[in-house]
Amino acid sequence: MPLPLYLLAVAVFAMGTSEFMLAGLLPDIASDLGVTVGSAGALTSAYAIGMAVGAPLTAAIARHWPRRAGLFGFVLAFAAAHALGAATTSFPVLLATRVVAALANAGFLAVALTAAAASVPPDRKGRALAVLLSGTTVATIAGVPGGSLLGTLLGWRATFWAVAALCLPAALGVLKGIPAGRAGEGTADGPALRAELAQLKRPRLALVMLLGALVNAATFASLTFLAPVVTGAAGMGELWVSVALMLFGAGSFVGVTVAGRLSDRRPALVLAVAGPPLLAGWPALALLAGEPAALLTLVFVQGVLSFAVGSTLIARVLHEAAGAPTMAGSYATAALNAGAVAGPLVAAATLNTTAGNLGPLWASGLLTAVALLVAFPLRAVIATGSPRDAGSWSAAPADPSRT
């Protein structure tokens, strides 16, 4: 894999730490700013909304920007948002900084995903995506638990300052490792923006985006409210939240790594093997949450399965969006974060039911069930596409009428 992919993964690590870190900080933020934990969960949804809406918007704006300058600017904006968030005492201001940070993250990831796919042969897109997403999975292994631990010891604001500081080496990596080409390099004679947006009308693309969103919604539904499960249902101390997040992150790294080697050629195998146990794992986690050993084991397993299935579906988004060479990354980002919006909202609604803190786990099971019910009768469509579709990231204009 090209070296710039690994440098982009460093920046994704910093951003992934921010995206996931609230899972261990929500109780402290709620207490400090005088809101409920459910209300504090809106910080996760606000971030995801900014990502989902911002991905196509920022990708459209930046599609002909110099690639290095665009990525560098997004990283600096991300750092500034976290510095302001760390300093504020107002929940609405903190909420606004999360939206700004999300827009910067969305712009960065949309350009980075497109750059990653364009830097490798068509049959290695899944592996390129795995390298890029490894920044997120390493964030869940080290960055997020570390942030949770830092928040426990020094307060949640320290974690925000730490993320801002992480952006500095990431920005340097972008400047040193990314060529000063354009985001739309090689597409000067390619499809117009309208033609790239018309790709969203293709049923194959819409289907894999929907499934990716549902699986990610299930992941975020439980991950956002994992801390109350660890300290409440399992009766463990706050420091065990960091352990649980680290186990989930380790599982996600395994899932992305394995799926990255299979998703280009055998996506059906990944979905068939990982999908059913992913569905079974969420209710099992709810039923066994009172047993610490079982809880921690299942958290790891669900990390493996969630990211194996999710990254495979997102790789399919990049394949199916072959006719949108500068916007494909934004479609993948939008799908991921549409799920990240819906998941915590659905999960928050279950907290006031008889399920209590275990409600988000049951919600994850329901969302996964919907995804599999949609996917099963259409599994051949998901797993295959014409070689011309899956393998072409050329500059040829897309045919908006093609479905």
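Predicted model: local features only at pLDDT ≥ 70, side-chain atom pairs only at ≥ 80, totals over all residues.
**Stop 1: Asp32 and Arg157**

Start by selecting Asp32 and Arg157 and showing their side chains. They meet in a salt bridge, with 3.1 Å from N to O. Now colour the two helices involved: Asp32 sits in α2 (residues 26-33) and Arg157 in α8 (residues 156-177), so this pair ties together parts that are 125 residues apart in sequence.

**Stop 2: Arg202 and Glu320**

Next, pick Arg202 and Glu320. Their side chains form another salt bridge, this one at 3.6 Å from N to O. Here again the pair links distant parts of the chain: Arg202 is in the loop between α9 (193-198) and α10, while Glu320 belongs to helix α14, 118 residues away. Are these two buried or exposed? Arg202 counts as buried, at 1% relative accessibility, and Glu320 is buried as well, with a relative accessible area of 3%.

**Stop 3**

The side chains of Glu320 and Arg316 meet in a salt bridge at 4.0 Å, N to O. Both residues are in helix α14, and being 4 residues apart they are separated by about one helical turn. Arg316 counts as buried, at 2% relative accessibility.

With Arg202, Arg316 and Glu320 all on screen, you're looking at a network of salt bridges that links the three residues.

**Stop 4: helix α11**

Now move to helix α11, residues 226-233, and show the side chains. Which residues of this helix are buried? Look at Leu226, Ala227, Pro228, Val229 and Val230. To see what covers them, bring up the helices α10 (203-224), α12 (239-262), α14 (292-320) and α16 (359-375), which are included in that cover.

**Stop 5: Gly235**

Finish by stepping just past the end of α11 and selecting Gly235. Check its backbone here: Gly235 takes a positive phi of about 70°.

Methods
Residues numbered from 1 in each chain as written. Heavy atoms only, no water. Buried < 20%, exposed > 50% of the residue type's maximum accessible area, 1.4 Å probe, protein only. Contact = heavy atoms within 4.5 Å.
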